[in-house]
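Me: I'm new to reading protein structures, and I'd like a guided look at this one. Please take it feature by feature.

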Amino acid sequence: MIVVAGEALIDLVPHGPGALASLRPALGGGPYNTAVALGRLGSPTAFCSRVSSDAFGEALLDGLRAAGVDVSGVERGAEPTTLAVATIDEQGSAAYSFYVDGTADRLFTAPAALPAGTRAVSFGTCSLVLEPGASAYEELMRTAAGQGVFTALDPNIRAGLIPDADAYRARFLKWLPSVTLLKLSEEDARWLGGTPHEWLAAGPSAVVITRGGDGLTVFTRDGAEYSVPGEKVTVVDTIGAGDTVNAALLHGLAAQNALTAEALAGLGTDGWTRLLRFASRAAAITCSRAGAEPPYARELEG
């Protein structure tokens, strides 16, 4: 079982240019997209979050169920669902404005225990920013790491939600001793202001950097560095691409029985190259269609 912990929200995606373009609601949130992608790839997956009991919340849970994700541990609340309004630039990249005051997902409380058979827990995005839920997710991260569970972190920076950048950067560094695999984009890395080697020294066994159409690079604790190019594809938008990478990495590591720090150290050139290529192909498929629509396992066969 891979557990994905974090927010589920509704993306309002524009159809056409300009601030007054019509908006289409779509299921979203970085952790939510990661869980759906894992389910579509065939990994046993559970979602750990707090979801509204409104109509949007029901639709979010239906999307998880359709992907085969276990939602039995999801908390429910009467508060509204978080909304994220996207704008898409000419390259297909998305920027977001968030409506988060008093929403259900930020009132998450840590569960008493993880599901039986949990092999990894994935964290990231808004859920690690918005209090009081952020502290509860942080507590869960430290608890999981203390129990020897593989932990993955994608900070997926949304600067507009972070009132104190320096405080967030300091908090990020305090998470790293509890992180096994750190994945982040080049943009996130620049915003955080550190380097993969500095982050590795603080705790993670590997750091994966996504470089958009230029591919992915991993840096490992033993000083190795492996890269693969991006898959060529006509980009519709990049919504959910990084979340698909998260899922593909975790799914691929599970398939190689490599969800431990020790196993990561033993992957070597062949293991990492196969894994990064798989993640690159998966992300390319997501970019080839509108919204966060990660691929199914059958689309990646071969």
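This is a predicted model: local features need pLDDT of at least 70, side-chain atom pairs count only at pLDDT 80 or more; totals for chains, interfaces and linings use all residues.

Me: Which residue forms a salt bridge with E79?

Reply: That's R50, and the closest N and O atoms are 2.6 Å apart. A salt bridge here is a side-chain nitrogen of Lys or Arg within 4 Å of a carboxyl oxygen of Asp or Glu. This pair links distant parts of the chain: E79 is in the loop between β6 (75–77) and β7 (83–88), R50 is in strand β5 (residues 50–52), and the two are 29 residues apart. Those names come from DSSP runs, numbered from the N terminus: helices are H or I with at least four residues, strands are E with at least two. R50 itself counts as buried, at 13% relative accessibility.

Me: How many salt bridges does the structure hold?

Reply: It holds 12. One of them joins D101 and R106, at 3.9 Å from N to O. D101 counts as exposed because its relative accessibility is 69%, whereas R106 is buried at 18%. Another joins D166 and R169, with the closest N and O atoms 3.2 Å apart.

Me: Where do D166 and R169 lie?

Reply: Both are in helix α4 (residues 165–175), three residues apart, which is about one turn of the helix. D166 is exposed at 56%, and R169 is partly exposed at 24%. There's also a network: salt bridges that share partners join E131, E138, R142 and R171.

Me: What does G77 touch?

Reply: G77 is found in strand β6. Leaving out residues up to four places away in sequence, G77 touches R50, V51, S52 and S53; contact means heavy atoms within 4.5 Å. At 7% relative accessibility, G77 is buried.

Me: How do I read two packed helices?

Reply: You describe them by the angle between their axes and the distance between the axes. Here helix α1 (residues 30–41) and helix α2 (residues 55–66) pack at about 30°, with axes 9 Å apart. That makes α1 roughly parallel to α2. For the labels, angles under 35 degrees count as roughly parallel, over 145 as roughly antiparallel, 65 to 115 as roughly perpendicular and the rest as oblique. The axes are lines fitted to C-alpha atoms, for helices over the stretch in contact, and angles run from 0 to 180 degrees between N-to-C directions. In the contact, Y32, A35 and V36 of α1 meet A59, L60, G63 and L64 of α2.

Me: And how do I read a sheet?

Reply: Strands of a sheet pair through backbone hydrogen bonds, either parallel or antiparallel. Two strands count as paired if DSSP finds at least two bridges between them. In this model, eight strands form an open sheet in the order β4-β1-β9-β10-β11-β12-β13-β14, with mixed pairing. β4 (45–48) and β14 stand at the edges with a single partner strand each, so one side of each has no neighbour in the sheet. Strand β1 (residues 2–5) pairs with β4 in the parallel sense over four bridges, and A5 stands opposite C48 in β4.

Me: Which strands pair with β13?

Reply: Strand β12 (residues 206–210) pairs with β13 in the antiparallel sense over five bridges, with V218 as the partner of V208. Strand β14 (residues 225–228) also runs antiparallel to β13, joined by four bridges, and there L216 has V228 as its partner. The hairpin of β13 and β14 has four residues between the strands, and G223 in the turn has a positive phi of about 95°.

Me: Why is β13 (residues 216–220) largely enclosed by the rest of the structure?

Reply: Because five of its five residues are buried. In a regular strand the side chains alternate between the two faces of the sheet. In β13, L216, V218 and T220 point one way, while T217 and F219 point the other way.

Key. Residues are numbered from 1 along each chain as its sequence is written. Side-chain values use heavy atoms; hydrogens and water are left out. Buried means under 20% relative accessible area, exposed over 50%, partly exposed in between (1.4 Å probe, protein chains only).
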